[in-house]
Amino acid sequence: MKNQISMKRRSYINIMRILMAVSAALTCALVLFLVIYVLAKGIPNISWKLLTTGPSYLSEQIGILPDILNTVYLIIATLIIVIPLGVGAAVYLTEYAKNQRIVSVIEYAAETLSGIPSIIYGLVGMLFFCQFLNMQTSLIAGSLTLVIMNLPTIMRTTQESLKTVPQSYREGAFGLGAGKWRVIRTVVLPGCIDGVITGCILSVGRILGESAALLFTAGFAHALNGFIEGLGSAGASLTVALYVYAKEQGEFGVAFAIAAILMILTLIINLLAALVGRYFKKRRSI
Amino acid sequence: MKNKKQILETAIHGIFLVLGLITVGSVLLITIYLVIAGIPAIREIGLFKFLFNDTWKSTAQPPSFGILPFILTSIYGTAGAIILGVPIGFLTSVYLAKLAPPKMRSVVSSAVSLLAGIPSVVYGLVGMLILVPGIRKLFHIPDGSSLLAAIIVLAIMILPSIINVSITALEAVPKEYEDASLALGATPIETYFRVSFPAAKSGIAAAVVLGVGRAIGEAMAVMMVSGNAPNMPSLFQSVRFLTTAVASEMSYASGLQREALFSIALVLFLFIMLINAALNFFLKRSKEG
């Protein structure tokens, strides 16, 4: 069989095979290199003091506790707002909407939103939340900007899981005399938990990595604040702090420490997303 | 009683309708705000002068607001990233979709999704400390912050989108096509490149367009490696993209300069809208087969 393949074809096959192997190996090598390089350069710079203090001009010490807290506040505030909105939109699309035109307009809008670059979100967030709604540069303005960015994600994952709730459950509940709202509350919503959780994990990953949208909405401050107080004031997230330390202050040690922390968190989130995905898949197939 | 229940149901229907329309509202909000904020400076400077003048001196007296360097840099940078990233991404996706043993596939796929999850500032940081000095030494130029550095960073950053969308497209190719090709005596690799690839053309075009969108919209990583001088694009020179033009001056700009930044954002937004439309076109066509 092999002998019947002409020389020309055989070399084509071999070239393609080599190109594919090289590309796949290059992709993996890149990932491996990035992870190892960032961790190797960053972990030695992580110290207890760095993690538990704020920056102080007096002792010329840099601490990233405020940035860690700001990131946590941003994540909490964004998720609290975006989950009801995203789930609500998904419920509307799968349970209520009868007009196909409205459905396609909403889905087109969601696709458009996920294609808009974060710098534009940042700009509009600044104009609308910070200036028009007079929130100034604050974490809450940043959160609201992130809400718009993450809305399509939550909406899509919830929609996917709502589609897997069997129609017969709904019909059964209707048959027992339940109203639409009651059906949604007791049958539909419990069925979309997995979609919401998946969406949350994806959103947390995106919020962690976001920087351009936060630059002008949440600002650069490194003050140590409580949750409520923090939401009202400006604050840098880990990514923004990384940018400022690396680009504007030349503090590469701190920048790499933050990069290593972000890398570890990204690894954890990816692992979590894979585990959750597998868990729900298994549970559903039973 | 019945009436009360009906009112409640209608109210809840209304609430869900409002929630559903929030995405539409957000898109409108973004569009309207960008148009309102972007038009005044274009009016004042003149559309033609704004788009096709090649000097940007926003703080000089008198200032000059020509964004041609930014537009061209964004286009060249994106094209470069596509030229580098698409072949690597496409070949990797063929390997993953068709050839890789399941275990290998799951390892490489998780590596790819990790690549997608790494924050852009981390790419920027690594680029600043490895690529920029590397380019400086390799090509003997005074500063390595250049279009080339940005292109390499962007090529890596768009890999995951290209790989994932291409895999989906390749997997959607009907098995019969490949079986027919194999039965006619083509080898598996010939089949993948000469039958599966043309059949998945629309989906792969969508992958490329998605990559274009990612590359043209990226700001932070590019800002950290490209040097930010408003030069006309050249591979080994410091350049400024549309995104970084907005980001780098926004914090201190005022007056006409600030308005001009909004106009740049509006131009960027129009690019993105065009790309989105192209993406939808290809996705729809690939769904129809």
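**Figure 1. Secondary structure of chain A in the predicted model**. Chain A contains 13 helices and zero strands, where helices (H or I, at least four residues) and strands (E, at least two) are DSSP runs numbered from the N terminus. Read from the N terminus, its elements follow the order α-α-α-α-α-α-α-α-α-α-α-α-α. Residues are numbered from 1 along each chain as its sequence is written, and chains are lettered from A in the order in which they are written. In this predicted model, local features require pLDDT of at least 70 and side-chain atom pairs count only at pLDDT 80 or more, whereas totals for chains, interfaces and linings use all residues.

**Figure 2. Overall dimensions of chain A**. The radius of gyration of chain A, taken over C-alpha atoms, is 24 Å, well over the 19 Å that the globule rule gives for 286 residues, so chain A is more spread out than a compact globule. That rule is 2.2 Å times the number of residues to the power 0.38. Along the principal axes, the C-alpha atoms of chain A fill a box of roughly 70 × 70 × 35 Å.

**Figure 3. The side of chain B that touches chain A**. In total, 65 residues of chain B are in contact with 71 residues of chain A (C-beta atoms, placed from the backbone, within 7 Å). Helix 1 (residues 2-45) of chain B supplies the largest share of this side, 20 residues. By class, the side comprises 47 nonpolar (Ala, Val, Leu, Ile, Met, Phe, Trp, Tyr, Cys and Pro), three charged (Asp, Glu, Lys and Arg) and 15 polar residues (the others, Gly among them).

**Figure 4. Confidence of the model**. The model scores ipTM 0.90 and pTM 0.92.

Notes. Two residues are in contact if their C-beta atoms, placed from the backbone, lie within 7 Å.
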